[in-house]
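The sequence and the structure are shown below.

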Amino acid sequence: MLGFTAFIGKIDAQVVGVKTNLLYWASASPNLGIEFGLGRQTTLDISAGFNPFTFSDNRKWKHWLVQPEFRWWTCERFNGHFLGVHMIGGQFNVGNVSFFPFSIWDSLKDYRYKGHALGGGIAYGYDWVLGKHWNFEFEAGVGYAHAWYDKYDCAKCSERIGSGGKNYWGVTKLAVSLVYLF
């Protein structure tokens with residue numbers, strides 16, 4: 001045990017960060033991420049979010065999402081520029097909405113789509129140090145995702161009218177996050 005205590009005493013500050021994506025909160029989607037330092041310039045970020053709500057007029061933007069990402073920092077972890085490689089996976093139930101960013105479907109106002117998605121991409125980000133324990137982070141990523149789904153005629157009441165799959169190339173990650181470092 002003494003060896004472990006000595007090892008812990010030699011670890012650099014900022015080994016773990018806990019974060020939340022403020023853009024995701026703006027879409028009424030609670031979310032949380034944790035980022036682990038792997039090396040002096042590398043980290044592993046695992047973020048997750050969900051939206052369990054049905055809004056007025058039976059509008060749905062329900063989903064859950066998990067997004068692990070390996071990051072390489074140009075200087076030191078949790079400070080400055082970084083490049084990332086991420087995966088994305090989740091489940092969705094979306095319909096009766098007139099606006100849905102980065103949508104792969106023609107009409108979410110008239111139809112509801114329920115299914116799963118899986119993909120990955122690359123990202124660039126920057127982390128501003130605000131203080132000893134607080135950072136502000138921006139990240140944008142692009143990549144590919146495949147969704148397989150069932151399609152319904154109305155947002156709530158109908159039986160399935162079809163199923164299919166769609167490929168998506170575009171924005172796969174967009175974050176403005178507040179980070180607390182341990």
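In which strand is the place of T42? In this predicted model, T42 belongs to strand β3, which spans residues 42-51. Its relative accessibility is 19%, and T42 therefore counts as buried, the limit being under 20%. The side chain of T42 reaches the backbone nitrogen of G39 at 3.1 Å. Beyond four places in sequence, T42 touches F36 and G37, then F70, R71, W72 and W73, and also R77.

**Strand pairing**

Strand β6 (residues 80-95) pairs with strand β7 (residues 112-129) in the antiparallel sense, over 16 bridges. Within this pairing, H81 stands opposite Y126 of β7. Strand β7 is in turn joined to strand β8 (residues 134-152) by 18 bridges, and these two strands also run antiparallel. The strands β7 and β8 form a hairpin, with 4 residues between them. Two bridge partners in β8 may be named here: A140 is the partner of Y124, and V142 is the partner of I122.

The loop between β6 and β7 contains K109. With a relative accessible area of 49%, K109 is partly exposed. Leaving out residues up to four places away in sequence, K109 touches N96, V97 and S98.

**Salt bridges**

Side chains of opposite charge can pair when their charged atoms come close. The count for this model comes to 11 salt bridges.

| Salt bridge | Closest N and O atoms |
|---|---|
| D45 with K19 | 3.2 Å |
| R71 with E35 | 3.0 Å |
| K173 with E139 | 3.4 Å |

The salt bridge of D45 with K19 links distant parts of the chain, with D45 in strand β3 and K19 in strand β1 (residues 16-21), 26 residues apart. D45 is buried, at a relative accessible area of 1%, and K19 counts as buried at 5% relative accessibility.

R71 forms a salt bridge with E35. This pair, too, links distant parts of the chain: R71 is in strand β5 and E35 in strand β2 (residues 31-37), 36 residues apart. Both R71 and E35 are buried.

K173 forms a salt bridge with E139. Because K173 lies in strand β9 and E139 in strand β8, the pair ties together parts that are 34 residues apart in sequence. K173 and E139 are both buried. Salt bridges that share partners join K19, E35, D45, E69, R71, E137, E139 and K173 into one network.

**The surroundings of E69**

Is its side chain buried or exposed? E69 counts as buried, because its relative accessibility is 1%. The side chain of E69 makes a polar contact with the side chain of H86, at 3.4 Å. Apart from neighbours within four places in sequence, the residues in contact with E69 include T43, L44 and D45, as well as F82, G84 and V85. A123, E139 and K173 are also in contact with E69.

Methods
Residues are numbered from 1 along each chain as its sequence is written. This is a predicted model: local features need pLDDT of at least 70, side-chain atom pairs count only at pLDDT 80 or more; totals for chains, interfaces and linings use all residues. Side-chain values use heavy atoms; hydrogens and water are left out. Buried means under 20% relative accessible area, exposed over 50%, partly exposed in between (1.4 Å probe, protein chains only). A polar contact is a pair of N or O atoms within 3.5 Å; within protein, one must be able to donate a hydrogen and the other to accept it, and residues adjacent in sequence count only if both atoms are side-chain atoms. Contact means heavy atoms within 4.5 Å. Two strands pair if DSSP finds at least two bridges between them. A salt bridge is a side-chain nitrogen of Lys or Arg within 4 Å of a carboxyl oxygen of Asp or Glu.
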